[in-house]
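Work through these exercises with the model open beside you. Each task comes with a solution in steps.

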Amino acid sequence: MSPAFPDPALGEPFLLTPGPLSTAWEVKDAMLRDWGSWDDGFRAMTRDLRSRLLAMVGDGAPAYDCVPIQGSGSYSVEAMLGSFVPKDGKVLVLANGAYGLRAAKTLQYLGRGLHLLDKGDYLPPRGAEVAGILASDPAITHVLAVHCETSSGILNPVEEIAEATHAAGRKLLIDSMSAFGALPLDVAALHCTAFVSSANKCIEGVPGFGFVIARKDEIASAKGNSHSLSLDVHAQWETMNKTGQWRFTPPTHTVAAFLKALDLHEAEGGAPARLARYSRNRDVVVEGLRGLGFETLLADRWLSPIIVTFFCPESPAFDFSRFYELMKGQGFIIYPGKLTVVDSFRIGCIGRMDEDVMRRVVKAAGFALSQMGVNSAAPPAAALEERKKLAA
Ligand SMILES: *Cc1c(COP(=O)(O)O)cnc(C)c1O
């Protein structure tokens with residue numbers, strides 16, 4: 001796979017970020033022509049995209065449909081919430097980071113009822129907690145879970161959340177933005193009403209659209225719910241089924257790139273192979289950086305193969321912006337942390353890169369530390385105290 005990697009020698013750094021991420025040369029190359037949105041060729045591409053995504057959701061696929069939505073991933077989250085939650089509905093949002101909180105804010109904009117369970121920076125919402133809240137608040141109609149909370153990198157326990165939601169007779173919506181395509185998501189087993197993901201995460205396409213995968217009966221009965229013309233999943237679905245077209249200007253080049261990204265996804269061995277590659281990426285970077293003295297925010301059990309949060313070293317010689325520049329100078333774009341309590345940074349494991357690249361990342365980090373005169377990458381005691389909460 002190496003020749004298809006971004007080549008720092010050509011001035012293109014690796015993006016160790018959770019999307020946009022490093023894409024294959026073939027994916028970029030697929031964008032070098034123009035398509036008419038009305039033309040049969042492009043309509044066939046849209047059809048192909050929808051059916052290939054649906055083929056990835058397990059045995060439940062025939063009961064579901066795939067509706068692409070223009071915009072970044074948040075547009076699809078907003079489309080899902082606005083379309084499936086009726087105007088008098090109420091959503092239990094399970095938040096443990098920025099994306100859960102964004103979903104809650106979206107519901108406030110939409111004027112939908114909200115019950116927010118805010119677990120802070122990274123503690124996972126557990127099934128028993130969900131069951132307790134659903135029993136005590138009968139007005140809740142839907143539960144929103146974030147599959148991988150990309151702000152800390154935690155892999156949330158969606159199976160136990162799904163079980164509690166189903167047992168209480170409520171409907172489950174999942175933000176699987178940064179997980180779908182690598183982590184298993186069996187819609188039937190999870191009794192999932194709808195979930196969303198986007199082009200520029202684990203499928204390794206370029207940004208420009210997201211997609212909602214939802215039960216057909218739920219889409220059919222979502223007519224009239226949406227607050228928004230352009231984010232109405234039912235309307236997009238109806239038009240796409242009738243005419244094969246997107247309602248408004250589609251991101252044609254992004255769609256072409258995405259189909260190429262799907263080819264590569266399939267050729268690699270689908271989601272299981274991608275999960276294996278991302279997991280090796282994570283294992284190499286975690287082991288390597290721990291070897292330099294860095295510590296991860298999360299205990300191994302909660303570490304996702306998507307992105308990992310590391311504490312910044314306590315050493316006064318460490319400066320994040322200097323570290324960032326030193327890493328960038330070696331061809332690696334890293335990602336600042338999003339924790340409110342202690343300083344941190346993140347390393348993404350997804351995108352067109354493998355464990356050899358991750359070994360170079362570790363070497364680059366060691367070089368950056370030596371340039372700054374940091375002798376130990378050990379985090380402050382407060383960081384480790386923080387981490388104990390998760391173990392408790
Ligand atoms: C990337 C991501 C989103 C969408 O973010 P955009 O910037 O709008 O693409 C939503 N939820 C999660 C968990 C994500 O990782």
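Predicted model: local features only at pLDDT ≥ 70, side-chain atom pairs only at ≥ 80, totals over all residues.

**Exercise 1. Examine the salt bridge between Asp-263 and Lys-260, and find the network it belongs to.**

Solution. 
- Step 1: the closest N and O atoms of Asp-263 and Lys-260 are 3.8 Å apart. The cut-off for a salt bridge is 4 Å, so the pair qualifies.
- Step 2: the two residues are separated by about one helical turn, because they sit three residues apart in helix α10.
- Step 3: Asp-263 is partly exposed at 33%. Lys-260 is partly exposed at 30%.
- Step 4: Salt bridges link Asp-48, Arg-52, Lys-260, Asp-263 and Glu-266 in a network.

**Exercise 2. Which parts of the chain does the salt bridge of Arg-50 and Asp-65 tie together?**

Solution. 
- Step 1: the closest N and O atoms of Arg-50 and Asp-65 are 3.3 Å apart.
- Step 2: Arg-50 lies in helix α2 and Asp-65 in strand β2 (residues 64-70), so the pair ties together parts that are 15 residues apart in sequence.
- Step 3: check burial. Arg-50 is buried at 10% relative accessibility, and Asp-65 is buried at 11%.
- Step 4: look for other polar partners. A polar atom of the Arg-50 side chain lies 2.7 Å from the backbone oxygen of Cys-66.
- Step 5: complete the surroundings. Beyond its sequence neighbours within four places, Arg-50 also has contacts that include Pro-68, Trp-237 and Met-240.

**Exercise 3. Describe the setting of Glu-218.**

Solution. 
- Step 1: Glu-218 lies in helix α8 (residues 216-220).
- Step 2: Glu-218 counts as buried, with 13% relative accessibility.
- Step 3: the side chain of Glu-218 makes a polar contact of 3.2 Å with the side chain of Lys-171.
- Step 4: leaving aside neighbours within four places in sequence, Glu-218 also touches Phe-84 and Thr-193.
- Step 5: compare sequence with space. Glu-218 and Tyr-64 are 154 residues apart along the chain, yet their C-alpha atoms are separated by 9.0 Å.

**Exercise 4. Characterise the interface of domain 1 and domain 2.**

Solution. 
- Step 1: the assignment gives domain 1 (8-21 + 270-391) and domain 2 (26-266).
- Step 2: the domains bury about 2,600 Å² between them, 58% of it on carbon and sulfur atoms.
- Step 3: Arg-274, Trp-302 and Lys-338 supply 23% of the area that domain 1 buries against domain 2.
- Step 4: count the charged pairs. Four salt bridges cross the interface.

How values were computed:
Residues numbered from 1 in each chain as written. Heavy atoms only, no water. Domains from an automatic or database assignment. Buried area = accessible area lost by both parts, 1.4 Å probe. Salt bridge = Lys/Arg side-chain N within 4 Å of Asp/Glu carboxyl O. Polar contact = N/O pair within 3.5 Å; in protein donor to acceptor, adjacent residues only side chain to side chain. Contact = heavy atoms within 4.5 Å. Helix = DSSP H or I, 4+ residues; strand = E, 2+ residues; numbered from the N terminus. Buried < 20%, exposed > 50% of the residue type's maximum accessible area, 1.4 Å probe, protein only.
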